[in-house]
Amino acid sequence: MPVSTAPSSTELQVIVVTEARRFPAFAKHVLNADPVRANLILPTLLKCYAAENKGHALEGHLWIVIHIGGNVKFIASCTKGYMGDYPLFIYTPIPSERLHPEYIRPSLTMIARTLLHSPTISRRRIYSVFAQEEVTKVFASIWTDITGIPPESIPYYHAKISYATQESVARFNRSVNPIPNAVCEMRPAVPSDVDGIADLCFRFAKDSEPFVLSWRAALEEARILVQCGQVWVYTATPPRGPTSIASIVAFTRNTEVAAAITKVYTHPEFRSLGCAERLVRRVCQHLLKTRRFIVLYVGLDNPAANVYQKVGFLGVGLNAQPAPGVDNWLEVGFDRNQVRLGHW
């Protein structure tokens, strides 16, 4: 059973918990100290902890901590969101320059074998892994070796993590003209926006193979985003026409210290008009009133990186200067005939 103080040992040890309240305090401290890179795991852990304290047990969650005498090496999570199971997320406090295959392989092998023998997680549940690039590559190789489930030939997502602060957003602040010949508004979404948001969620997912959504699922996602207050809209009303939602920004992995922008999408009819830049900047300004960091991932070949750079996200975009903690992350999927896809 996990304890609140770090155990002493000189060998790799594993702690497995299915309840957030049993997550070891020394490992939680590590996550709290690294709110940007821990954003994939920490918000769900805190949400489950809060629910358990209210007497609501949340099933289908599992966390694995690999440590040496309380010195955390890796934390892995199999958790779920409102749209389905998340990938296997793996976090490490180890600096990226030290993530050599021979160094990280023993810890990742321990994670893989723990998952393989878990009574609550089937091998079909591990449909993909998302972590820093070298971590993903090594884990995927280990998982294939011990399960016989090969990886998909093309990675699902190759991205760079980035973050913005009050200082960086203020430094990069610039004026962008609104959509010409239209009355424009940027605001939190309301229930009457659900259909328009669902349309953009559906289009976003269509471009995010294999995590596509049916229209019904997109509508459900939009309803949840609005209900939870986790989406803003950029609306445009022409002189003679209905109001349209030109762009959306959603932020769904949030703690008191950091929030993550998880969806940015502009309708094709409103692209190249500065909508995303204006809305992302406005949302960042709003979120940074109460938080220190805004986190996001952007695909390595995604031109939106230039937009995020203009807003104040560090280490991404054209001729970006290196920034601490900004490095490449990789999602590798496993043979879809042998796994059960989730959604994130």
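Biologist: What makes asparagine 319 count as exposed?

Modeller: Asparagine 319 has a relative accessibility of 68%, and exposed means over 50%, so asparagine 319 counts as exposed. This residue lies in the loop between α9 and β14 (328-333). Bear in mind that the model is a predicted one.

Biologist: What is phi of asparagine 319?

Modeller: Phi of asparagine 319 is near 55°, which is positive although the residue is not a glycine. Most residues other than glycine have a negative phi.

Biologist: Where does asparagine 181 lie, and why is asparagine 181 called exposed?

Modeller: Asparagine 181 sits in the loop between α5 (166-171) and β9 (183-188). Its relative accessibility is 69% and the cut-off for exposed is over 50%, so asparagine 181 is called exposed. Phi of asparagine 181 is near 55°, a positive value in a residue other than glycine.

Biologist: Let's turn to confidence. How do you know how far to trust the chain, and what is its mean pLDDT?

Modeller: The chain has a mean pLDDT of 95, with 97% of its residues at 70 or more. Over residues 1-5, though, pLDDT stays under 50, and the model has ten contacts for them beyond four places in sequence. Where pLDDT is low, the predicted coordinates should not be read in detail.

Biologist: Now threonine 92. Why is threonine 92 called buried?

Modeller: Buried means under 20% relative accessible area, and threonine 92 has 1%, so the label buried applies. Threonine 92 is found in the loop between β6 (88-91) and α3 (101-116).

Biologist: Which residues does threonine 92 touch, leaving out those up to four places away in sequence?

Modeller: Threonine 92 touches Arg37, Lys73, Phe74, Leu99, Gln132 and Val135.

Biologist: How do you know that the side chain of threonine 92 makes a polar contact with the backbone oxygen of lysine 73?

Modeller: A polar atom of the threonine 92 side chain lies 2.7 Å from the backbone oxygen of lysine 73, and a polar contact is a pair of N or O atoms within 3.5 Å. The backbone nitrogen of isoleucine 94 lies 3.0 Å from a polar atom of that side chain.

Biologist: What makes phenylalanine 26 buried?

Modeller: Phenylalanine 26 has 11% relative accessibility, so it counts as buried, the limit being under 20%. Phenylalanine 26 is in helix α1 (residues 25-32).

Biologist: Which peptide bond is cis, with omega near 10°?

Modeller: The bond from glutamate 209 to proline 210 is cis. Proline 210 lies in the loop between α6 and α7. Most peptide bonds are trans.

Biologist: That brings us to the helices. What makes α6 and α7 oblique to each other?

Modeller: The axes of α6 (residues 194-206) and α7 (residues 215-227) cross at roughly 125° and come within 8 Å. Roughly perpendicular runs from 65 to 115 degrees and roughly antiparallel is over 145, so α6 and α7 are oblique. The crossing is right-handed. Among the residues that meet are Ile197, Cys201 and Phe202 in α6, and Trp215, Leu219 and Val226 in α7.

Biologist: Why are α3 and α4 called oblique?

Modeller: The axes of α3 and α4 come within 9 Å and cross at roughly 50°. Roughly parallel is under 35 degrees and roughly perpendicular begins at 65, so α3 and α4 are oblique to each other. Their crossing is right-handed. The contact includes Ile104, Leu108 and Leu115 of α3 and Val138, Phe139 and Trp143 of α4.

Biologist: How do you know that α8 is oblique to α9?

Modeller: The axes of α8 (residues 275-287) and α9 (residues 304-311) cross at roughly 45° and come within 9 Å. That makes α8 oblique to α9, with 35 and 65 degrees as the limits on either side. The crossing of α8 and α9 is right-handed, and the residues that meet include Val280 and Cys284 in α8 and Val307 and Tyr308 in α9.

Note on methods. Residues numbered from 1 in each chain as written. Predicted model: local features only at pLDDT ≥ 70, side-chain atom pairs only at ≥ 80, totals over all residues. Heavy atoms only, no water. Helix = DSSP H or I, 4+ residues; strand = E, 2+ residues; numbered from the N terminus. Buried < 20%, exposed > 50% of the residue type's maximum accessible area, 1.4 Å probe, protein only. Polar contact = N/O pair within 3.5 Å; in protein donor to acceptor, adjacent residues only side chain to side chain. Contact = heavy atoms within 4.5 Å. pLDDT = per-residue confidence, 0-100. Axes fitted to C-alpha atoms, helices over the stretch in contact; angles between N-to-C directions. Left-handed = near helix turned anticlockwise from the far one by under 90°.
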